[in-house]
Amino acid sequence: MNTLGMKTLLTKEVRRFMRVPGQTVLSPLISTSLYFLVFGYSLSGRVSEVEGVPYLQFIVPGLVFMGLANNAFLNSSSSLFITKIQGTVVDLLVAPLGPFELLAGFIAGAMVRGLLVGGLTWLVAMLFTGFHLEHALATVFFLLLSSYTFSVLGVLAAVWAEKFEQINFFPTFVMLPLTFLGGIFYSVRELPSPWNHVSLFNPMVYMVEGLRYGMLGRAGFSPVVGSGILLAVALVATGVAWAALRSGYKLKA
């Protein structure tokens with residue numbers, strides 16, 4: 001294993017997004033904070049509690065998850081895709097880095113950005129709701145696994161995409177709808193039939209509920225289900241991404 005090369009790629013990835021912190025960190029932080037302020041204060045007057053939890057506290061885990069997942073995905077997908085467009089991906093392929101080191105470097109860099117934005121979102125929320133952490137291990141587990149999963153999905157999107165429109169397809173037409181319908185601003189169990197049953201097929205619901213369990217100690221569904229879905233997606237995506245990098249699929253000219 002080329003540990004030095006993997007660390008170098010990780011350092012390069014972190015420096016890349018830290019060169020423009022206003023775009024990569026501050027912008028998503030402000031956007032997520034606006035969701036918290038607008039939805040939280042506009043709806044908290046009508047909905048004081050959800051499942052026994054004050055509404056402002058209830059939406060915090062979902063907003064942390066949204067900021068973390070979006071930025072982890074965007075970092076790995078944009079970084080690898082830009083190297084494809086610029087033709088510099090050849091430098092990575094001829095370097096003494098195997099598919100594992102390449103995958104680990106891109107994933108680790110994306111995880112740093114995702115966790116940074118998610119952590120800062122949580123800190124902003126604490127100013128309004130105070131600090132709440134019921135199950136520290138569960139919270140850390142879901143934060144790390146969520147950032148890892150969406151980092152790998154970002155690598156897959158970058159490998160598959162050939163145009164800028166394609167790289168935006170997944171976050172725009174898949175992640176965004178599933179996230180907003182994933183119980184961030186409401187409880188899925190309180191939806192009228194048949195939407196409460198339809199929502200059960202949305203994997204984001206279980207991911208958000210898992211993080212909600214860790215932070216608030218309350219969850220509409222078992223956190224074991226959420227962790228199982230995340231692990232399954234992470235394992236499958238990792239295997240596919242490794243195979244794509246190993247074969248040079250859509251990377252070699």
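Helices, at least four residues of H or I, and strands, at least two of E, are DSSP runs numbered from the N terminus. The model described here is predicted. This briefing covers helix H3 (residues 55-86), the largest pocket, of about 540 Å³, and several individual residues. H3 gives the largest share of that pocket's lining, nine residues.

**Helix H3**

- H3 comprises 32 residues, and the distance from its first C-alpha to its last is 46 Å, close to the 46 Å expected at 1.5 Å a residue.
- A bend of about 25° occurs in H3 at Pro-61.
- Because 26 of its 32 residues are buried, H3 is largely enclosed by the rest of the structure.

**Largest pocket**

- The space in the largest pocket amounts to about 540 Å³.
- Its lining is made up of 25 residues, of which Gln-23, Asn-70, Asn-71, Leu-74 and Arg-113 are the closest to the pocket centre.
- Two or more lining residues come from each of helix H2 (21-44), H3, helix H7 (164-167) and helix H8 (169-180).

**Ser-227 in helix H11**

- Ser-227 is located in helix H11, which covers residues 223-247.
- Buried means under 20% relative accessible area, and Ser-227 therefore counts as buried at 14% relative accessibility.
- The backbone oxygen of Val-224 is reached by the side chain of Ser-227 at 2.8 Å.
- When neighbours within four places in sequence are left aside, Ser-227 contacts Phe-141, Phe-142 and Leu-145.

**Gly-119 in helix H5**

- Gly-119 belongs to helix H5 (residues 99-129).
- The relative accessibility of Gly-119 is 28%, so this residue counts as partly exposed.
- A distance of 8.1 Å separates the C-alpha atoms of Gly-119 and Leu-68, which are 51 residues apart along the chain.

- A cis peptide bond, with omega near 10°, joins Ser-193 to Pro-194.
- Pro-194 sits in the loop between H8 and helix H9 (195-198).
- Lys-250 has a phi near 60°, a positive value in a residue other than glycine.
- The segment after H11 contains Lys-250.
- Lys-250 is partly exposed, its relative accessible area being 30%.

Conventions. Residues are numbered from 1 along each chain as its sequence is written. This is a predicted model: local features need pLDDT of at least 70, side-chain atom pairs count only at pLDDT 80 or more; totals for chains, interfaces and linings use all residues. Side-chain values use heavy atoms; hydrogens and water are left out. The expected span of a helix is 1.5 Å times one less than its number of residues. The bend at a residue is the angle between axes fitted to the seven residues ending there and the seven starting there. Buried means under 20% relative accessible area, exposed over 50%, partly exposed in between (1.4 Å probe, protein chains only). A polar contact is a pair of N or O atoms within 3.5 Å; within protein, one must be able to donate a hydrogen and the other to accept it, and residues adjacent in sequence count only if both atoms are side-chain atoms. Contact means heavy atoms within 4.5 Å. On a 1 Å grid over the protein atoms alone, a cavity is a set of points where a 1.4 Å probe fits but cannot get out, and a pocket is an open set with protein on both sides within 12 Å along at least five of seven lines; lining residues have an atom within 4 Å of a point. Grid points are joined across faces, edges and corners, and a volume is the space filled by probe spheres set on the points.
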